[in-house]
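Subject: Structure for your review

Dear colleague,

I am passing on the structure we discussed, and I would be grateful if you could look through it with the notes below beside you.

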Amino acid sequence: MFKQVSILTVLLLLMTFSSSSFANQCKTDQIKLQVLGSGGPELDDGRNSSGYLIWYQNKARVLIDAGAGSSVEYGRSGAKFEDLQGILLTHLHVDHSADLAAFIKGSYFTSRSTNLLLYGPAANDLMPSTSDYLQRLMGDKGAFAYLKDYVNKRHDSDYKVVATDVPLVIGQTFDYSLGNNIKAKATFVHHGPVAAVAWRVELAGCSIVFSGDMNNQFDVLSAFANGADILVANNAVPDNASGAAINLHMTPSTIAKIAKKAQIKQLVLSHFMKRTLAVQKETKSIISQKYPGPIYLATDGMVVSL
Ligand SMILES: [Zn+2]
């Protein structure tokens, strides 16, 4: 009897262990990350401003940032706006948010009928909240008030953009559900005087983290990105940066430290500016001295497999 029970217990334990470890495994064949914009705000870098798309089971599910040019790249990628479940903004600088109105206007010509979730930082002294940004763009008194039905829904045929502001609390993580078992987590990061958050998207056992623009002054990213399958790190300044630049952005040495500590599986460098485009080789070598994993240099339209 004792023998039977113990064998049964062992079998049950094995089944529990294997099913939970299976559930946590990243289903790499179902998820892809696509870069829609790998540049920053410069006019003459030949790159779109910030934008990323997460594909799940061949459908575009989550858009992270909506900088200038990202809506064009979205169309070029074959993504359908009807499939999109959420838009996550890291902050409201122009190079991360200017195409939001272009996406919403463009959706008029699609068959989208379900509400769209929009998340971004709450307000601070310098920046409006994400929900206020939406109102100032498309609310009743917005610059594009002709699109107000998408914000303050009046007709059954319109879908509505539902905005949520992420609180700016150092060291705290806020969890949101985008539906379809897709989770989005956000945490406050230091980007000079700008209200900014980093995002972690979890789906199908995989996790992709977006640093957004930040200089890691709050030292929150390595814990936030722990064990991520991909970290997209913004490389807007070189290692010898100083002054205002390092109050806004992290250096390659800082990226290396975070990627190593968090044991990132793949590192994607993006948000290049001319000062970092010119030294990509050096940047890669600085980071690879500390971080042993693969490092990819983002380009517009690039697809990264997990
Ligand atoms: Zn930026």
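Predicted model: local features only at pLDDT ≥ 70, side-chain atom pairs only at ≥ 80, totals over all residues.

The zinc site

The zinc ion takes its protein donors from Asp95 (OD), His96 (NE2), Asp213 (OD) and His271 (NE2), which lie 2.1 to 2.2 Å from the ion. Along the chain these donors follow the spacing D-H-x116-D-x57-H. Histidine 96 belongs to helix 3 (residues 94–97), while histidine 271 sits in the loop between strand 12 (266–270) and helix 9 (274–277), so the two histidines tie together parts that are 175 residues apart in sequence. The arrangement around the zinc ion is irregular, because the angles subtended by its 4 donor atoms run from 87 to 169 degrees, whereas a tetrahedral assignment would require all angles to lie between 85 and 135 degrees. Both histidines count as buried, histidine 96 at 0% relative accessibility and histidine 271 at 1%.

Searching the whole structure turns up 1 cavity of 30 Å³ or more, and the largest cavity holds about 40 Å³ of space. Its lining includes the zinc donor His96, along with residues such as Ser50, Tyr52, Phe210 and Asn234. By class, the lining of this cavity divides into 4 nonpolar, 6 polar and 1 charged residues.

The largest pocket has a volume of about 220 Å³, and of the 14 residues that line this pocket, Glu202, Leu203, Ala204, Gly205 and Cys206 are the closest to its centre. Helix 1 (2–24), strand 9 (194–203) and strand 10 (206–210) each contribute at least two residues to the lining, with strand 9 giving the largest share, 3 residues. The lining of the largest pocket is made up of 4 nonpolar, 5 polar and 5 charged residues.

Alanine 204, one of the residues closest to the centre of the largest pocket, has a positive phi of about 50 degrees although it is not a glycine. Alanine 204 lies in the loop between strand 9 and strand 10 and is buried, with a relative accessible area of 15%. Asparagine 181, also not a glycine, has a positive phi of about 60 degrees, and is found in the loop between strand 7 and strand 8 (182–191). Asparagine 181 is exposed, its relative accessible area being 72%. As background, most residues other than glycine have a negative phi.

Tyrosine 176, in strand 7 (residues 173–179), counts as buried at 15% relative accessibility. Apart from neighbours within four places in sequence, tyrosine 176 is in contact with residues including Tyr119, Pro167, Lys183 and Trp199. From C-alpha to C-alpha, tyrosine 176 and serine 129 are 17 Å apart in space, and they are 47 residues apart in sequence.

Glutamine 266 lies in strand 12 and likewise counts as buried, at 11% relative accessibility. Leaving aside neighbours within four places in sequence, the contacts of glutamine 266 include Asp229, Leu231, Tyr291, Pro294 and Leu306.

With best wishes

Definitions and conventions: Residues numbered from 1 in each chain as written. Heavy atoms only, no water. Donors = N, O, S within 2.8 Å, 3.2 Å for Na, K, Ca; no water. Tetrahedral: all angles 85-135°; square planar, octahedral: opposite > 155°, others 65-115°. Helix = DSSP H or I, 4+ residues; strand = E, 2+ residues; numbered from the N terminus. Buried < 20%, exposed > 50% of the residue type's maximum accessible area, 1.4 Å probe, protein only. 1 Å grid on protein atoms, 1.4 Å probe; cavity = no way out; pocket = protein on both sides within 12 Å on 5 of 7 lines; lining within 4 Å. Points joined across faces, edges and corners; volume = space filled by probe spheres on them. Nonpolar A, V, L, I, M, F, W, Y, C, P; charged D, E, K, R; others polar. Contact = heavy atoms within 4.5 Å.
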